[in-house]
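Hi,

Here is the structure you were going to look at. My notes follow below it.

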Amino acid sequence: MTAETRILRLHVNGSDVDVAAPSHWTLLEVVRYRLGLTGTKQGCDKGDCGACTLLVDGRARLSCITLAGDAVGHRVTTIEGLVTKDGLDLLQRTFDEAGALQCGFCQPGMIVAARACLDAKPEATRAEVKEALASNLCRCTGYTKIFEAVEQAVRAGRAAHTNGPASLVGDSAALAGGRR
Amino acid sequence: MSAGKLPADRADPLQHARSPNRTFGPQPPGAQFEVVGKRSRKVDAAGKATGEARYTDDLALPGMLHGKTLRSPHPHARIKRIDTAKAEALPGVLGVVTGAEMPVRFGVIPWTQDETALAVDKVRFIGDPVAAVAAVDEETAQAALRLIEVDYELLTPLFDPAEALARKDVVIHEGNKHGNVTKEVLLEFGDPDGALARSDFVVEDDYEFHGTAHAPIETHVALARYGSDGVLTLWSATQIPHYVHRELARVLDLPAPQIRVIQPHLGGAFGGKSDPFSLEFCAAKLAIKTRRPVKFLYTREEEFYAHRGRHPMQMRFKTGMTKDGRLTAVDSKILIDGGAYSSFGLVTTYYSGQLLTGPHDLPNYRFHSTRVFTNKPPCGPKRGHGSVQPRFALEVQLDRLAEKAGLDPIEVRRRNFQGAYTTTVNGQRVTSNGFDQCLAQVEAASGWKARRGKLGRGKGLGCAGSMYISGTNYCVYPNDMPQAGIQIKVDRSGLVTVFSGASDIGQGSNTVVATIVAEELGLRLEDVRVVAADSDLCPVDLGAYSSRITFMVGNAAIHAARKLRKLVQQAVAEEWGVAPERVALAGGFAFDLEERARVVSSAKAFHLAEAKFETLGATGSYNTPNLGGDYRGGTIGASPAYSFTACVAEVDVDLETGEVRVPHVWTSHDCGRALNPVLVEGQIEGSAYMGFGEVFLESHAVNQYGLTTRPNLLDYTIPTALDCPEFHASIVESLDPEGPYGAKEAGEGPLHPTIPAIANAIHDACGIWLTKLPFTPAKVLAALQAKAKADAASGGTRGGASGGASGGALGGDQGGKR
Amino acid sequence: MLRLEPFAFAKPQTTDEALALLARHGAKAKLIAGGTDLLPNLKHGLYEPEVVIALSDLAELRGVAVNGAGELEIGAMTTLEEVERAALVRARAPGLAQAAAAVAGPTQRTMGTLGGNVCLDTRCVWINQSHFWRQSLGFCLKKDGTVCHVVKGGKSCVAAASNDTATLLVALRARLTIRSAAATREVAIADFYKADGAMNLRLAPDELLTRITVPAPAPQGTWSGYAKLRPRASIDFPRLSVGVAWTTQQDGTFADATVVVSAIAATPRVIAGIGELLRGRRPDDLAALLAAGEKARSVVTPLTNIDGDPQWRRAMVPVFVKRSFLAGARGGA
Ligand SMILES: Cc1cc2nc3c(=O)[nH]c(=O)nc-3n(C[C@H](O)[C@H](O)[C@H](O)COP(=O)(O)OP(=O)(O)OC[C@H]3O[C@@H](n4cnc5c(N)ncnc54)[C@H](O)[C@@H]3O)c2cc1C
Ligand code: SF4
Ligand code: FES
Ligand code: FES
């Protein structure tokens, strides 16, 4: 059958957008190739690797096996959406600081999955972090520095909680200053 | 031979270090290191964390078409006819190309060019590219593939390398001089037979290493544009832009100056992007034919067909030892399954022998390696190219011999340590060597002495060591030009831009380059910008393989930056009327060492230099000295410096199921100076991870029809966050006299010992010797059962007579020591 | 990328609307719940729907409750993560929480539903592959072809039921509520499956699974446990799936017990005679548990439909039967 193209009203990174896309397109295809939000990656295109992870209503979701139409009416957040006018998400900074980023290809998916994990469990233990990231494959790091990055964010989040927003950056304070 | 003492009959290893050449020694340019050695962030990491970083598939051009490749469904067949008319007639299809239009054979190694962009007359494995289409979208391109008619005459396929070696009636590459043999190397050093005959202990076993894949999370992707100026621009996920550039020119018959190759951010490679690939030629050809930009993005399955993964090897190893634990000789015979094409196979064949002569002093050595073609996806270079497989065999044999000699495995390795500044039996010059410290580190970190033998049932510790090259002397195409180049431009704002040919494939080479230039010019890391891997902008670099980048490009960067440093110091010194030695450059300033108050910003210092001299810029380059044994192939594997690794693994064998858990892997790596310890640790952890995956989980194979059995990331199981051991990385800095500030490689070496360390730990845990990778639970369990039977047969005494060697395990003399 | 073939997409807002769409399109339609099985299969060309009907907006199919009879009622659209975490499930059918937690990886479980898991298509190394791959082989019985590569000369497909929760739901004697525009029926889950790998569900093209009902625990408590064999600790489908459920007598010994083994053939297999074998033995009597496991092993025959040495997988049956009992004991009743 021939493709049926529809206008989808999506809510992506805080704004409504209308996109024309064939009904059989996945959310990944729409996000990358219609909206130009290429931060979300594709590594297997069938649910096996986690590179395409983004957030739908704050929960991690594999966009390569999500039909775009299914996202209508829900909040979609991509890696780009974690950057706000206040700067980068804490996890984006700790991933950098901890040296978790090698080729970086798994990282957008990894970071948003970690974001969903910490939003649900701000005090996640290493074991919980491992559980939460177990749909996301990384071929470069052996995960060690990824776990460290999330733990660093947990500590920084805790410091922010006890000391107020001024210390939000916690032990990643150096980052805020050193960024170019 | 004891550490550091040179035998009279071996060449003076320091000869080169003393001779004038473009290396700068381990010293900092100023009083101390300001940038080098710090745990700095990577220069390009922030963009990767935010999604800004552009990888090849993130690029789109106006009017861009999408390409798809038609692949052979047969493992071995002759193409009788291809008819593309119907595909061409499909609305939305703008171009179709077949092998006839690009018949020129290519390959990185000039002597073994046997690939074409698309099959010309034959297909040699299931997945071999046959035709390609460019259309308005991927769906249309996909539909067009179904309209291409191909008539095949089926030929007998060969999947078993032993059969491919034996059969003369089936030839995979007609015209190949030696049937299905792609390369055969037999080299002998010293007197292996005599030494083995005189050894107190000899072990001789068969080992098997299976095929494994790189599985970078980014698949292959290429985008080509043919401009109205006649310039072809190719953006490609490649780790060797220079070779792609050369081969594009040859295959497309375009003048090389009309081609520009750019490598955007790369989503992992591990050696798998070291060949030119079909899609690069097809994208280019179709862009020229259609006058529209064309992008090819391989699916994961296609990535498994493009392959170039680790070569399966069948290895017979015979190793001897004296009573006091000295290695006497190694004699190896290796059959290498090359798959359908040569790729880097010539080098693989040499590396399977040449890289085994350290860190243990090996006085007598023979290797006989034969690589054959089979009708399977082609193998190529994968992290630890060529030497991971024989290293597994050798290190397991060392443990077997240690057991026979009644010695601790770490002690045996210590006794055989070849030392620094020596020459190996095959004529390789070894400079700095911190392997003994690596051993000491993993021994201490793992609690080896206190814990070994006391972990309880099914648990054990094992160790192994290895060496690897930091680049190779062997230049794949013969020329006298530098192997690496750097160009620096200085802006009046104080920003320094470094043009580097090197491919940052995630390992952090851009950060290494920036670190060095910042160090030399007294800048902060953020004042240096690196432009890399663009053939129009950057000097030639040979690519990210053989762990050559830090060493070679690093030296080129020092070379370039130091020229500028001199000019800046001189200009500032003149301005102040002091001697140039008094001018220090650090932290974004130039200051007077004796009168600290006298200081100008780097930008101001650059202004002074530009005013005094001319527009500021510098080039730098590096070439290896003449290295290697004086025999055919003697330069292959000859490296200006070697890295060394020691590893201890802890295992926990489930005696009920044969499943093995690995709670910890301790890896200590001698990388010379760690220019950025975070990057080095990342390489060590990532290497150990990859080795771990190969031991238990990963297997790239074809089924009885020649179809790749696990062409996706669900079936080709790479370890998840929950499977991995805790990786404990530590660094030994044996400063190398020729490395940049003493640095050596870190990206591939640390993978090697992981595999035998785990094998040895399994033996320590439960008394079985596993010899055939991967160690599936089925094999482990079969070996455990065979051992139990043997133990029972010998009256329950441990260490009794040989049991059956089932499941890829050796029975026999291993016995339990507790 | 793995582009999908075109289809129309509908997202009904009520179950009735969904049923009406199903009635209209019948076999030309495919339902999508979490999509974690449907989408990969579509990308492999295993189905060719003209319309895909999304169930994601049917809030009425989502949630966990206990009905008047003390039975656990789980809406088909409840996600696996919700099932795994629901206090009611953990309290009344801990084994089901274990099985749900063993499915795929965490992200797949936030997407995948219990209904989708119950309706999961069977799996086989020869079928869960791209169109190109399958075509190179001349396809197979399950789709587009005429031969089976697992059983030479076989006339029916033996692709394996690979849904983790189904194993446990069969052990718990769960019932399924199935609706069409015309009728509503309830079926014991064991009868929902048939021994045909090509289509192992007794589900008409116009039918929708709406609810999974787990019988009320026995007065003394009903115990359940799950054990799964797979290469990696996450993501992988089962290479062997074992679910057990049992009740105890006053003295703590077994009153009745059920062992179900799956990831072998097209349906989860209930092992006959386990109740008699275990009655009177204690749940921590390892010899008894292994005996039950041996019984299971003697009747199942792993095939090459699933990756992993079949002989070894068979040898693992007793071990995993034992382990599922132990997991059940840890989980409490
Ligand atoms: C990488 C990966 C690993 C996986 N590993 C596992 C695993 O280990 N174990 C496992 O069991 N599963 C696994 N799965 C499959 C899948 O995630 C789960 O089975 C999940 O529960 C399926 O639910 P879903 O809602 O996503 O189903 P969908 O994909 O939406 O649907 C599955 C099938 O059921 C039908 N269907 C769905 N809901 C209904 C309904 N209410 N009524 C009638 N028909 C319906 C659909 O039409 C479709 O045919 C894996 C998937 C992936 C991608
Ligand atoms: S069991 Fe046979 S028919 Fe069924 S999917 Fe596998 S190969 Fe095809
Ligand atoms: S690209 Fe979506 S999971 Fe791999
Ligand atoms: S950083 Fe390369 S895949 Fe994770």
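Start with a definition: two strands pair if DSSP finds at least two bridges between them. Helices (H or I, at least four residues) and strands (E, at least two) are DSSP runs, numbered from the N terminus.

The model is predicted: local features need pLDDT of at least 70, side-chain atom pairs count only at pLDDT 80 or more, and totals for chains, interfaces and linings use all residues. Residues are numbered from 1 along each chain as its sequence is written, chains are lettered from A and ligands numbered from 1 in the order in which they are written, and side-chain values use heavy atoms, with hydrogens and water left out.

**The sheet in chain C**

Five strands of chain C make an open sheet, ordered S4-S5-S8-S6-S7, with antiparallel pairing. S4(C) and S5(C) (residues 72-75) run antiparallel, joined by three bridges. In one of these strands, S5(C), C:Leu72 is the bridge partner of C:Val66.

Helix H1 (residues 15-25) of chain C packs on the sheet and touches S6 (175-179) and S8 (208-214). Contact means heavy atoms within 4.5 Å.

**Two helices in chain B**

The axes of H16 (residues 549-576) and H17 (residues 602-612) of chain B come within 8 Å and cross at roughly 90 degrees. Axes are lines fitted to C-alpha atoms, for helices over the stretch in contact, and angles run from 0 to 180 degrees between N-to-C directions. So H16(B) is roughly perpendicular to H17(B) (65 to 115 degrees). Residues in the contact include B:Leu567 of H16(B) and B:Phe606 of H17(B).

Best wishes

Note on methods:
Angles under 35 degrees count as roughly parallel, over 145 as roughly antiparallel, 65 to 115 as roughly perpendicular and the rest as oblique.
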